[in-house]
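Colleague: I have a few questions about this model. Shall we take them one at a time?

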2 protein chains.
Amino acid sequence: MWQLYQFPLCPFTRKVRTLLNEKDVGYQLMRENPWERRDAFIDMNPAGQTPVMTDNERGVVLVDSMAICEYFEETVERVAMINGTAANRAEIRRLVSWFDTHFYRDVTQPLLDERMIKRIAHRMAPDASRLREAMKSAVGHLDYIDFLLDHRKWIAGSTISLADLAAAAQISVADYLGGIDWAGHALTKSWYSAFKSRRSFRPLLAERISGIEPPSYYENPDF
Amino acid sequence: MWQLYQFPLCPFTRKVRTLLNEKDVGYQLMRENPWERRDAFIDMNPAGQTPVMTDNERGVVLVDSMAICEYFEETVERVAMINGTAANRAEIRRLVSWFDTHFYRDVTQPLLDERMIKRIAHRMAPDASRLREAMKSAVGHLDYIDFLLDHRKWIAGSTISLADLAAAAQISVADYLGGIDWAGHALTKSWYSAFKSRRSFRPLLAERISGIEPPSYYENPDF
């Protein structure tokens, strides 16, 4: 059995979990707060980040969310999420990197820092100007997703792919933390509404961080 | 013919170029200074980063250095650089991400900002404390590479892989900018010395940014 080290609002873990759920790969959740920098966790991953997956029977440790996704794409054929021609696959990987790097840096990371880590690790108030900046960036990112969905059925092309999973993972964390204004983004909203109903993704929306409540519409596909 | 948009000290482009050279894939270099944010370049890559590759005959645009490497791994069989078992491949991808993300953020990016971009784009003096911090981080990173090479012939295992290319790419830029102190890192030095002699990598060491000279030993495999 795979063990998956994570915390409920880790966007990279959400991408991996949705992929594992799509592929029907079983795993056991292990709670890890990477900001505590637990020694045994740093030994597994010197980068100190979630997710990390281990399988003691196989003697395998997997680190880095994209390396984990590529591993399961290679080893579990069912439901390919890096699919299509080599050029399609390059476009999927470009967009996964876009959400993992740019959306995370501009939107998810400041929201997590200000609204979660400051609260639970440091008992500090959030920096209002950094929050405003993140929410402004979120509007720009949703504009870009609208642009992509104006040309395509899914984010990277005509079929669902890891790019959709990566986007939904980041958005779901930002939305939990009140960082997404859905007004004016009809295409992204309709795409995300369909995503919320997926069997692979719905369970993630039911999880809570104690002391931080998501908006009332959070789990509702009709929002 | 592929066209590759880049500037001489872009570490991500150096990783891609070494891979293309190993695989004997031809390409034409197109000079791009991403900090100028040229409109036509932003249209190709909204992330505004090098490298970008285009092939007008094929009608393909490739963006994101890891997506580019995966594309050529998939389409050009010769000299596989993401090789071995699925677990080996995961370890290669973990380490590529380590160098692309952590080494870059801690070492290469501050050196590029302070010693190159401030000079050529802003005509400003570098921030000495940020440079000291980057050089201190470089020591920690070389300690980690020494640790890896104490267990393995190459950075990710028993054969050369994309992890070596990613590490050498970052190190070669940091070394050009005077950020690497080679004393006390015998294993990394011996690995890099061998790397400097590779036909795929040597041409990169001959390139110069006008007005910024590398250390005198820069191209010498015996340093």
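Predicted model: local features only at pLDDT ≥ 70, side-chain atom pairs only at ≥ 80, totals over all residues.

Colleague: Which residue of β3(B) is the bridge partner of B:Tyr5?

Modeller: Strand β1 (residues 2–6) of chain B runs antiparallel to β3(B), and three bridges join them. B:Tyr5 has its bridge partner in β3(B), and that partner is B:Val52.

Colleague: In β4(B), what is the bridge partner of B:Thr54?

Modeller: β3(B) also pairs with strand β4 (residues 60–63) of chain B, antiparallel, over four bridges. Within β4(B), B:Thr54 has as its bridge partner B:Val61.

Colleague: Which residue in the turn of the β3(B)–β4(B) hairpin has a positive phi?

Modeller: The hairpin leaves four residues between β3(B) and β4(B). A phi of about 65° in that turn belongs to B:Gly59.

**Chain A as a whole**

Colleague: What pattern does chain A follow along the sequence?

Modeller: Chain A has eight helices and four strands. Read along the sequence, they give β-α-β-α-β-β-α-α-α-α-α-α.

Colleague: Why is chain A as compact as a globular protein of its length?

Modeller: The globule rule gives 17 Å for 223 residues. Chain A comes close to that, so it is as compact as a globular protein of that length, with a radius of gyration of 17 Å.

Colleague: How many of the contacts in chain A join residues at least 24 apart?

Modeller: Take contacts between residues at least 6 apart in sequence. Of these, the share that joins residues at least 24 apart is 69%.

Colleague: How far apart are the mean positions of the positive and negative charges of chain A?

Modeller: Chain A carries 28 positive and 30 negative charges. Their mean positions are separated by 2 Å.

**A:Val96**

Colleague: Is A:Val96 buried or exposed?

Modeller: A:Val96 sits in helix α4 (residues 86–122) of chain A. Buried means under 20% relative accessible area. A:Val96 has 1%, so the residue is buried.

Key: Residues numbered from 1 in each chain as written. Chains lettered and ligands numbered in written order. Heavy atoms only, no water. Pairing = 2+ DSSP bridges. Helix = DSSP H or I, 4+ residues; strand = E, 2+ residues; numbered from the N terminus. Rg over C-alpha atoms; globule rule 2.2 N^0.38 Å. Contact = heavy atoms within 4.5 Å. Lys, Arg positive; Asp, Glu negative; His and termini not counted. Charge placed at Lys NZ, Arg CZ, Asp CG, Glu CD. Buried < 20%, exposed > 50% of the residue type's maximum accessible area, 1.4 Å probe, protein only.
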